[in-house]
Amino acid sequence: MIFRPRQVFLFCLLAITSGSDGKTQNSSPKPVDKLNPQAGQNFVVNNNCGLAKSEREMMAHIKAKVDYIAAQSSKVPPCPTGWVLYGRSCYLVIDVPTLEWDGARINCLKLGGDLVKITTAAENQFILNLILKQPKVTHYGAWLGLRRKADTKFYWTDDTLLSGYSAWNTGEPNNPSSEKCGHVIAGGSAKGKWNDIPCKVNKSAITSAPVILCQRKSN
C-alpha cells in the first residue's frame with residue numbers, strides 16, 4: 001500500500017490525537033525491520049511523518065483545539081446548584097423548621113445527600129456560619145446526622161460511632177431515654193454547640209425547631 005501525502009497527514013493526526021496514553025506521541029517511527037513488509041508496500045520513515053512544516057503546525061493547532069474541547073466538556077461543577085462547597089463535601093441548608101429528625105433526613109436523601117456529619121471544629125464553624133446566613137434562623141439551629149442507638153450511644157447516619165471531635169454544650173448530652181437526636185444550636189449564647197432533643201419535637205416548638213442541613217460528597 002502506498003501512502004499518499006493526504007493519507008500521511010491523517011495518519012499522523014490520528015496518532016497525535018488518539019495516543020494510547022492520551023499524550024502527544026513521538027512521531028519517530030518504530031523499527032520496521034521485524035514487520036517483514038510485503039512486496040509493493042512503501043513506508044514513510046522520517047521524523048516528520050513526511051509532512052511539510054505548515055502541515056505539522058496545522059496538526060499541532062488541531063490537537064490543541066481537540067484537547068481544549070475535551071477539557072471543557074469534562075468540567076463538572078463540584079456541587080449542584082444551591083449547594084455550598086467546603087473541603088470535599090457540598091452542604092445545603094433548607095431553612096424550614098422541621099419537627100421530625102426522620103423527616104429532615106428523608107429530604108436530604110431525596111437530594112442525594114444525608115444529614116450533616118461534623119468531624120472538626122473548623123467544619124463546625126463553617127456549618128454555623130452557613131446556618132446564620134439563611135433568611136430563617138431558629139434557636140435550635142439545624143438537625144445533625146446524630147442519633148442514639150439501643151446502647152444509648154450516638155452514631156452518625158453512616159453508622160459510625162461518634163468519637164473524636166464533638167461540640168456538646170455544657171451538661172449535654174443528657175436524658176438518654178427521651179432525647180435521642182442531635183442538633184447544632186444557632187440561638188443564644190450557645191451558638192455552635194450541640195444539644196440532644198427528642199427526635200420528634202412538640203408542635204408548639206415549631207418556630208424554634210431545627211431546620212434541615214444536608215451534606216453530600218463533591219463531584
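Which residues do ring pairs link into a cluster? F154, W156, Y165, W168 and W194. This is a predicted model, in which local features need pLDDT of at least 70, side-chain atom pairs count only at pLDDT 80 or more, and totals for chains, interfaces and linings use all residues. Residues are numbered from 1 along each chain as its sequence is written, and side-chain values use heavy atoms, without hydrogens and water.

**View 1. F154 and W168 form a tilted aromatic pair.** Rings of Phe, Tyr and Trp (its six-membered ring) pair if their centres lie within 6.5 Å; planes under 30 degrees apart count as stacked, over 60 as edge-to-face and the rest as tilted. Here the centres are 5.1 Å apart, with 45° between the planes. F154 belongs to strand β5 (residues 154–156), W168 to the loop between β5 and β6 (181–184), so the pair ties together parts 14 residues apart in sequence. Strands (E, at least two residues) are DSSP runs, numbered from the N terminus. Buried means under 20% relative accessible area, exposed over 50%, partly exposed in between (1.4 Å probe, protein chains only).

**View 2. Y165 and W194 pair edge-to-face.** Their ring centres are 5.9 Å apart and their planes stand at 85°. Y165 sits in the loop between β5 and β6, W194 in strand β7 (residues 194–197), 29 residues apart. Y165 is partly exposed at 23%. W194 is buried at 0%.

**View 3. K149 lies over the face of Y155.** The distance to the ring centre is 4.8 Å. A charge sits over a ring if NZ of Lys or CZ of Arg is within 6 Å of the ring centre and within 35 degrees of the ring normal.

Notes
Helix = DSSP H or I, 4+ residues; strand = E, 2+ residues; numbered from the N terminus.
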